[in-house]
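Please look through the sequence and the structure shown below before reading on.

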Amino acid sequence: EICACLVGSEMCIRDRMCHVLRARILWTFTEAEKCALPHIWTGKKSRPMTNGLQSMPIMGEGRIQKALSGFYYVDTGSAVLTCRARGKFRKEGISPLVGDRVEVRELGNGEGFVEAILPRKNAFSRPAVANIDQLVIIASGAIPVTDPFLIDRMTAIADGKEGCGCVICINKCDLDAGDCLYDTYTAAGFPTLRVSAETGEGMD
């Protein structure tokens with residue numbers, strides 16, 4: 001019992017001396033210098049001095065412009081953030097898509113986290129995109145001639161998506177006017193254009 005009391009008293013004295021020494025060290029610095037010293041502690045080993053100010057993450061919304069190798073490039077209107085998605089999406093079997101409106105948590109230095117995916121108007125698997133307003137299908141009547149089956153497949157997929165219009169664009173009309181394709185899809189009620197990327201015909 002005596003040994004325990006002595007040890008306890010010694011620990012109290014040592015802690016008090018450390019506290020006084022730390023107070024004297026901090027007293028020699030200005031408030032600005034204290035903020036610039038990451039290794040001056042307030043007494044708790046896990047918490048550096050912050051002058052009572054905690055850096056809070058900035059939450060915002062934006063649209064995913066590009067997805068590449070697990071990174072999502074989110075346009076917030078004022079900047080494009082390079083973001084990772086939260087692990088909860090993987091657990092739920094959900095993946096953010098290009099075109100998604102998302103909530104992001106900004107971490108600084110142009111980086112952030114995708115925190116939530118806002119409700120989608122529509123989504124496609126190939127290509128993996130979301131919230132498409134209009135799908136433009138590029139076809140050709142020459143070199144090579146586009147198989148109408150491919151156009152039919154894409155128009156059928158688009159027709160099943162809410163809020164997604166479909167336009168048929170027949171390119172290379174300087175080589176072949178694509179009359180067969182034009183007549184077929186105009187008769188089916190699809191807006192159909194004939195253009196030439198080479199000569200600029202129909203681009204207006």
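Which backbone nitrogen does the side chain of T146 reach? In this predicted model, the side chain of T146 reaches the backbone nitrogen of S140, at 2.8 Å. T146 itself lies in the loop between β8, which covers 134–140, and α4, which covers 148–159. When residues up to four places away in sequence are not counted, T146 touches A139, S140, I151 and L181. Its relative accessible area is 19%, and because buried means under 20% relative accessible area, T146 is described as buried.

**The barrel**

Another part of the model to follow is a closed barrel of five strands, which runs in the order β1-β2-β3-β5-β4 and has mixed pairing. Neighbouring strands of this sheet are turned against each other by 50 degrees on average, if direction is ignored. As one example of a bridge, A67 has Y72 in β2 as its partner.

**Rings and charges**

A search of the whole structure finds one aromatic pair.

| Charged end | Ring | Distance from ring centre |
|---|---|---|
| K66 | Y73 | 4.6 Å |
| R84 | F71 | 3.9 Å |

Key:
Residues numbered from 1 in each chain as written. Predicted model: local features only at pLDDT ≥ 70, side-chain atom pairs only at ≥ 80, totals over all residues. Heavy atoms only, no water. Phe/Tyr/Trp six-rings, centres within 6.5 Å; stacked < 30°, edge-to-face > 60°. Lys NZ or Arg CZ within 6 Å of the ring centre and 35° of its normal. Helix = DSSP H or I, 4+ residues; strand = E, 2+ residues; numbered from the N terminus. Buried < 20%, exposed > 50% of the residue type's maximum accessible area, 1.4 Å probe, protein only. Polar contact = N/O pair within 3.5 Å; in protein donor to acceptor, adjacent residues only side chain to side chain. Contact = heavy atoms within 4.5 Å. Pairing = 2+ DSSP bridges. Axes fitted to C-alpha atoms, helices over the stretch in contact; angles between N-to-C directions.
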